[in-house]
Amino acid sequence: MSRKSSNTAAVPEAKSALDRFKYEVANELGVPLTDGYNGNLTSKQNGSVGGYMVKKMIEAQERQMTGGQY
């Protein structure tokens, strides 16, 4: 049985921008994220990066939807 990974970008052209964003957020949060394997990080650290990325993306979308009057 073959399963497709759910860890793919909906817009493949955005992958490099999302990667840069991920490292920017990790840096802001003080999470020592490196290129490649990060098995030394806790689930809490990794989750905080992903969660904060989502929060910032939602805020940006809300600003865009309201014409920047957020």
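Started with Asp19: I find a salt bridge to Lys15, closest N and O atoms 3.5 Å apart (salt bridge: a side-chain nitrogen of Lys or Arg within 4 Å of a carboxyl oxygen of Asp or Glu). I'm working on a predicted model, where local features need pLDDT of at least 70, side-chain atom pairs count only at pLDDT 80 or more, and totals for chains, interfaces and linings use all residues. Numbering runs from 1 along each chain as its sequence is written, and side-chain values use heavy atoms, with hydrogens and water left out.

Asp19 and Lys15 both sit in helix α1, 4 residues apart, about one turn (helices are DSSP runs of H or I, at least four residues, numbered from the N terminus). Asp19 also bridges to Lys22 at 3.7 Å, N to O. I note that the shared partners join Lys15, Asp19 and Lys22 into one network.

Checked accessibility next: Asp19 is partly exposed at 26%, as is Lys15 at 48% (buried is under 20% relative accessible area, exposed over 50%, partly exposed in between, with a 1.4 Å probe and protein chains only).

Searching the whole structure, I get 3 salt bridges. One of them pairs Glu28 with Lys56 at 3.2 Å, N to O. Glu28 is in helix α1 and Lys56 in helix α2, so this pair ties together parts 28 residues apart in sequence.

Last stop, Asn38, which I place in the loop between α1 (15-29) and α2 (43-65). Asn38 counts as buried because its relative accessibility is 15%. The Asn38 side chain reaches the backbone oxygen of Thr34 at 2.7 Å.

Terms used. Helix = DSSP H or I, 4+ residues; strand = E, 2+ residues; numbered from the N terminus. Polar contact = N/O pair within 3.5 Å; in protein donor to acceptor, adjacent residues only side chain to side chain.
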